[in-house]
Amino acid sequence: TLVAAAASAQDKPSFAGTWKLSEPAQPEPFMASQIIVSQDASVLTTVVSTEMGEFKTTYNVDGSAGRRPLDFNGMTIDRQTKLAWNEGKLTLTTTSDMNGAVAEFKSVISLRPDGAMAVESSFPDFQGGGAPITQKAVYKKAQ
């Protein structure tokens, strides 16, 4: 029974806490310098600090889609959020509708053996209109 409980806990690790960017040393555009994660039985909430400001997003832990509008620069952006677990990794997907232009932001989050949080994010190329941009970052838990 203990082995089954340990395996289940590893399938859905807790990411709760305050995480500070450690790699790369300086954030790239749209990359968070800090991520605050809180989790409870029904929702996971992230507060992401970037050069563009602070953004709070809530995801339903049961995987159901949620609607979370965002007010940014005087405009309300309609956002649909979704959380999924896959082999101990957490995938957070946010689809935003900005005046008819739909964009998808996705982050795959995992805990490394050293306790650091690895984040691989993809988002649209807003500048050139090409393939999505992928960024990788590592965060260490703040003491």
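How much space lies in the largest pocket? A few notes on that and on the strands around it.

1. The answer is about 880 Å³. For the terms: on a 1 Å grid over the protein atoms alone, a pocket is an open set of points where a 1.4 Å probe fits, with protein on both sides within 12 Å along at least five of seven lines. Grid points are joined across faces, edges and corners, and the volume is the space filled by probe spheres set on the points.

2. Before going further, bear in mind that this is a predicted model, where local features need pLDDT of at least 70 and side-chain atom pairs count only at pLDDT 80 or more, while totals for chains, interfaces and linings use all residues. Residues are numbered from 1 along each chain as its sequence is written, and side-chain values use heavy atoms, with hydrogens and water left out.

3. By class the lining has 21 nonpolar, 9 polar and 3 charged residues (Ala, Val, Leu, Ile, Met, Phe, Trp, Tyr, Cys and Pro are nonpolar, Asp, Glu, Lys and Arg charged, and the others, Gly among them, polar). Strands that each supply at least two lining residues include β3 (43-50), β4 (53-60) and β9 (101-111); strands here are DSSP E runs of at least two residues, numbered from the N terminus.

4. Setting aside neighbours within four places in sequence, Val48 is in contact (heavy atoms within 4.5 Å) with Ala32, Gln34, Ile35, Gly53, Glu54 and Phe55. Its C-alpha is 8.9 Å from that of Met31, 17 residues apart along the chain.

5. β1 (17-23) and β2 (34-39) pair antiparallel over 4 bridges, where pairing takes at least two DSSP bridges. β2 and β3 are antiparallel too, joined by 6 bridges, and form a hairpin with 3 residues between them.

6. Further along, β8 and β9 run antiparallel with 9 bridges, Leu90 being partnered by Ile109 in β9. Their hairpin has 2 residues between the strands, and Asn99 there takes a positive phi near 55 degrees. β9 then pairs antiparallel with β10 over 6 bridges, with Ser110 opposite Ala118. That hairpin has 5 residues between its strands, and Gly115 in the turn has a positive phi of about 90 degrees.

7. On packing: the largest nonpolar core has 17 residues, with Leu44, Leu90, Leu92, Ile109, Met117 and Tyr139 making the most contacts inside it. β1, β2, β8, β10 and β11 each supply at least two of its residues. Such a core is a set of buried Ala, Val, Leu, Ile, Met, Phe, Trp, Tyr and Cys residues joined through side-chain atoms within 4.5 Å, and buried means under 20% relative accessible area with a 1.4 Å probe, protein chains only.

8. Last, have a look at Tyr59 in β4, which counts as buried because its relative accessibility is 6%. Beyond four places in sequence, its contacts include Val43, Leu44, Thr81, Leu83 and Leu92. The C-alpha atoms of Tyr59 and Val43 are separated by 5.5 Å. Leu92 in turn touches Leu44, Phe105 and Ile109, among others, again not counting residues up to four places away.

Key. On a 1 Å grid over the protein atoms alone, a cavity is a set of points where a 1.4 Å probe fits but cannot get out, and a pocket is an open set with protein on both sides within 12 Å along at least five of seven lines; lining residues have an atom within 4 Å of a point. Buried means under 20% relative accessible area, exposed over 50%, partly exposed in between (1.4 Å probe, protein chains only).
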